[in-house]
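This briefing gathers points on a single protein chain for a reader who has the sequence and coordinates at hand.

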Amino acid sequence: MNEKKKLSGEISERQKELEIRTKSVEETEKSFNLIKEKLVALQAQFDALDQSKIQENDLGLILQMLQFSEEIKTLRERTQKGAEKVFEVEEKQKLGQSAINTLTKEAERLKPQKIEANVLVSVGNWFVQNRNLRELQQKQSQKLMDQQDLISKILNDLKVYKIDTENFREDFKLKTENLENKRKNLQQKLDHLKIQKELSRFATKLHDGENCPLCGSLEHPHIIEFHYVDTELNEVQEEIQLNDHAISKIQKEIAEIEKILDRKKIFEDQLKAEQESFDLLQKESQLHVQRFIWNEFSADGETDFEFKRQQSFAIEKQIEEINQKILHERTTFEKEQEILEKYKKALDEFKLEEAKKEEQIRTNQSNLKSLDWNDYRDKSHSEVMKLHQKLIESNLTVEKEYQALINREKEIVPKLAEEKAIASQLNIRISELTKETSLNEEALQVALQQQDFGLLTDVQNILMIEIDVHKTRTQIQQFRIQFETLKNGIQELEIKLKDFSYDQEMFEAAEKQLKDIELQLKEANDSVVKVTSEIERLEKEYKKKEALLKNLSELQKRSDNLKIMTNLFKGAGFVQYVSSIYLRQLCDHANVRFHRMTRNQLSLQLNDNNDFEIIDYLNEGKSRSVKTLSGGQAFQVSLSLALALAESVQATTKADKNFFFIDEGFGTQDLESVNIVFETLMGLQKENRIVGIISHVEELKEKIPVSLSIVKDEERGSLIEML
């Protein structure tokens, strides 16, 4: 039955396919006949295509010739304009040359009227020095008068004392000795009066029977009597005081007179020195007058010199202006000359290009095969372009259509043959299948009879029941596996529980414990869920915070930049900003040498106030003021900064060489530091620099290959000797 069904289906399919193939053959034959008709209609145009392409090529050549003709016309117009421009520039050059000649003659006429600049400078310097000498003489004269006034005041001060300045010391000495003698006498008299006063006091206290305080006697037969001496005693004391006051007064007068005389001597010495200076100034002034050697000027005519100098300056300015005009005219002349050369070169190029175009036209005309140049000479380029384009499109269309039809014909012929062959094969196959179907029906009837089936429909109904054999087989297999697994599990449990008995209380206690553990597990899971959610929330908040902090950092950075910009454009902020950057670059360059000079112990840095500081690596890299450096270290810092500054200036000016002088500083260095500094300076020669050292250090003489020795001579001045 399956075979019958299969054969019937195949017959049906083959018949449908045969119908489709038959229709396809008919359509292909129809297309083939249509292509044949089109080829016959297009054949005449295709045969004339070669001649048409020759005309197309000729039209292309004619287009080039028309283009060349237009370009020749344009070149001739440009040549005409260029010739006019050349004539105009040549006329301008003639006028410019005439102006240059006129200005040159004017400058030559003014030059003899101008005084030489070195003469003006020398005479001007003479008058300036002469003025300075006069001013110095006036000032010196005033100083002399001032000194004389001071001396006069001192003499007036001495007149108060009415003394002889030559013998006053002896007079005062005599007076002092007299007063000293008088004081000595008065002192003796005072001592005598005091003794009398004491004796009188003792005498009044003597009584018979009492001991004398002086001799111890009990009897006093003759008691001396004294008169009253207190008044006289007071008078003597007053005379002594007056005498002492007179001595003190004399001593003070002597001291004052000595001070006045000392001042007088100082002022007289100063007067003498000022007088000597005044005399020297007068001599120098006389010598200065003798140095006036310019006959065209007068030593007393400074005003006339100034007038002539201003007049010379005016003439020099006129000459300079004329020279500027000459320079301008020459520059203009040279530019116009360049333009003229450019125009002439362009004219030559135009003529050469025109000749090339004409030659190309003649060449194209000789290459024409079908068309005549004279028929198209007067036509416009656009008109011929349209004809050429139309012919190109027509030729392309004919060629493409003919080639497409030929290709289509080549494709359809084998396809048509193939489809006819397939249709023939399908007819043969259908006949074979029909034959097989008849044989199959006979075999089926025989089989029904052998299997005791009445009708073919009964077998068909049984076969219509659909059974999923693979699924059913899989279910049976799964059941067997589960059965064996449970069986083995029961056996293992029986073996394990063989020695155990069931206790209800233990079971309930274990069940209760299990419930408690499950409750704790639930609480722990709830706590884990809460903590997890809190962690997730905190992570989200942290990410938000991180984003906000990032945004805050950007905003703070922007705020700092805005503050910097605000400070830059406030007052001299921009200048300070640029100078701070320049200073930091200078500091970085200087550190390269300074770090090496200090044997990697010190380096420079800038603080926030743009002040230099020292980083001491022997003191844990702490910073300190440059004021704490020794003299030698300060010299090394100055040298490093000066070299860095010189490098910066050299880089800015792009100079090939530069000079660098160092004045002293080596005396503060030890021998090792001197060697390091000297090696640094010698290395500068490799950098295309010239280094000059001014120093008194003897060790450097052996190291410096060329030196100048300066010796001061009292008579000849400073003498220079090259060593």
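**Aromatic cluster and overall picture**

Trp126, Phe127 and Phe292 form one aromatic cluster. The model is a predicted one, and its protein chain comprises 15 helices and 7 strands by secondary structure. Of the 723 residues in the protein chain, 25% count as buried.

**Pairs within the cluster**

- The structure contains 4 aromatic pairs, among them that of Trp126 with Phe292, which is edge-to-face, with 4.7 Å from centre to centre and 65° between the planes.
- This pair connects distant parts of the chain, since Trp126 lies in helix α3 (residues 117-159) while Phe292 lies in the loop between α5 (230-290) and α6 (302-367), the two being 166 residues apart.
- Trp126 has a relative accessible area of 5% and is therefore buried, as the cut-off for that class is under 20%.
- Phe292, at 15% relative accessibility, also falls under the 20% cut-off and so counts as buried.
- Phe127 and Phe292 make an edge-to-face pair as well, because their ring centres are 6.0 Å apart, which is within 6.5 Å, and their planes stand at 65°, which is over 60 degrees.
- Here too the pair links distant parts of the chain, with Phe127 in helix α3 and Phe292 in the loop between α5 and α6, at a separation of 165 residues.
- Phe127 is buried, its relative accessible area being 2%.

- On one side of the pairing scheme, strand β1 (residues 602-606) and β2 are joined in the antiparallel sense over 5 bridges, and Ser603 has Ile615 of β2 as its bridge partner.
- β1 and β2 form a hairpin with 5 residues between them, and Asn610, which lies in the turn, has a positive phi of about 60°.
- β2 also runs antiparallel to strand β3 (residues 622-625), to which it is joined by 4 bridges, and the bridge partner of Asp616 in β3 is Lys622.
- β2 and β3 likewise form a hairpin with 5 residues between them, in whose turn Glu620 has a positive phi of about 60°.

**Contacts and exposed area of the chain**

- Among the contacts in the protein chain that join residues at least 6 apart in sequence, 74% are between residues at least 24 apart.

**Nonpolar surface patch**

- Val706, Leu708, Ile710, Ile720 and Met722 make up a nonpolar surface patch of about 580 Å², and the elements giving two or more residues to this patch are β6 (708-713) and β7 (717-722).
- Ile720, one of the patch residues, is placed in strand β7.
- Why does Ile720 count as exposed? Its relative accessible area is 62%, and the class requires over 50%, so Ile720 is exposed.

Technical notes: Residues numbered from 1 in each chain as written. Predicted model: local features only at pLDDT ≥ 70, side-chain atom pairs only at ≥ 80, totals over all residues. Heavy atoms only, no water. Pairing = 2+ DSSP bridges. Phe/Tyr/Trp six-rings, centres within 6.5 Å; stacked < 30°, edge-to-face > 60°. Buried < 20%, exposed > 50% of the residue type's maximum accessible area, 1.4 Å probe, protein only. Contact = heavy atoms within 4.5 Å. Patch = residues over 30% accessible without salt bridge, like charges linked within 9 Å, V, L, I, M, F, W, Y side chains within 5 Å. Areas by Shrake-Rupley, 256 points an atom, 1.4 Å probe, with all protein chains shown as cover. Salt bridge = Lys/Arg side-chain N within 4 Å of Asp/Glu carboxyl O.
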